Amino acid sequence: QSSSNLSSAYGIVVSTDMVITTILIFFVILKRWHWHPVIALSVIMILLIIDLAFFGANLLKLANGGWYPIITAISIFILMSTWQRGRMLLA
């Protein structure tokens with residue numbers, strides 16, 4: 001309804017993407033780059049602390065339009081997991 005609601009939704013989406021990307025890069029560092037787990041974890045923890053700070057700040061915008069991307073993501077997750085489970089049962 002307003003640009004501030006859109007910016008709230010966008011902020012939640014971007015900060016969530018940053019957290020997910022940081023978690024996924026941890027597995028790339030371990031599996032592909034073959035770093036020692038302690039070094040990989042220490043690097044990721046620094047990045048994750050920063051990303052979670054942004055995410056926490058954006059959670060304050062949840063009531064101002066930030067709920068929409070979360071509801072959309074949950075709906076898509078339910079749809080895709082139901083589809084995957086159905087294909088497993090058919091196979």
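# A first look at the helices and rings

Phe 27 is partly exposed, with a relative accessible area of 44%. That makes it a handy place to start a tour of this structure, which is a predicted model.

**Aromatic rings**

- How many aromatic pairs does a search of the whole structure find? The search turns up three aromatic pairs.
- One of them joins Phe 26 and Phe 27, with ring centres 5.5 Å apart and 70° between the planes. Planes over 60 degrees apart count as edge-to-face, so this pair belongs to that class.
- The two partners fall into separate burial classes: Phe 26 has 17% relative accessibility and counts as buried, while Phe 27, at 44%, is partly exposed.
- Trp 33 and Trp 35 make another pair, with centres 5.9 Å apart and planes at 45°, so the pair is tilted.
- Trp 33 counts as partly exposed at 47% relative accessibility, and Trp 35 is partly exposed as well, at 36%.

- A pair of packed helices can be described by two values, the angle between the axes and the distance between them.

- Ile 29 sits in helix 1 and is buried, at 4% relative accessibility.
- Setting aside neighbours within four places in sequence, Ile 29 is in contact with His 34, Trp 35, Ala 40 and Ile 44.
- The C-alpha atoms of Ile 29 and Ala 40 are 6.5 Å apart, although 11 residues separate the two along the chain.
- Leu 52 belongs to helix 2 and is partly exposed, at 43% relative accessibility.
- Leu 52 and Val 19 are 33 residues apart along the chain, and 6.7 Å separates their C-alpha atoms.

**The loop between the helices**

- Where is His 34 found? His 34 is placed in the loop between helix 1 and helix 2.
- Most residues other than glycine have a negative phi. His 34 is not a glycine, yet its phi is positive, at about 55°.
- His 34 counts as exposed, with 64% relative accessibility.

**Ser 8 and its surroundings**

- Which backbone atom does the side chain of Ser 8 reach? The side chain reaches the backbone oxygen of Ser 4, at 3.0 Å.
- Beyond residues up to four places away in sequence, Ser 8 touches Lys 61, Asn 64, Gly 65 and Gly 66.

**A look at helix 3**

- Leu 79 is located in helix 3, which spans residues 67–90.
- Is Leu 79 buried or exposed? With a relative accessible area of 61%, Leu 79 is exposed.
- Leu 79 and Arg 32 are 47 residues apart in sequence, and their C-alpha atoms are 31 Å apart in space.

Notes
Residues numbered from 1 in each chain as written. Predicted model: local features only at pLDDT ≥ 70, side-chain atom pairs only at ≥ 80, totals over all residues. Heavy atoms only, no water. Phe/Tyr/Trp six-rings, centres within 6.5 Å; stacked < 30°, edge-to-face > 60°. Buried < 20%, exposed > 50% of the residue type's maximum accessible area, 1.4 Å probe, protein only. Polar contact = N/O pair within 3.5 Å; in protein donor to acceptor, adjacent residues only side chain to side chain. Contact = heavy atoms within 4.5 Å. Helix = DSSP H or I, 4+ residues; strand = E, 2+ residues; numbered from the N terminus.
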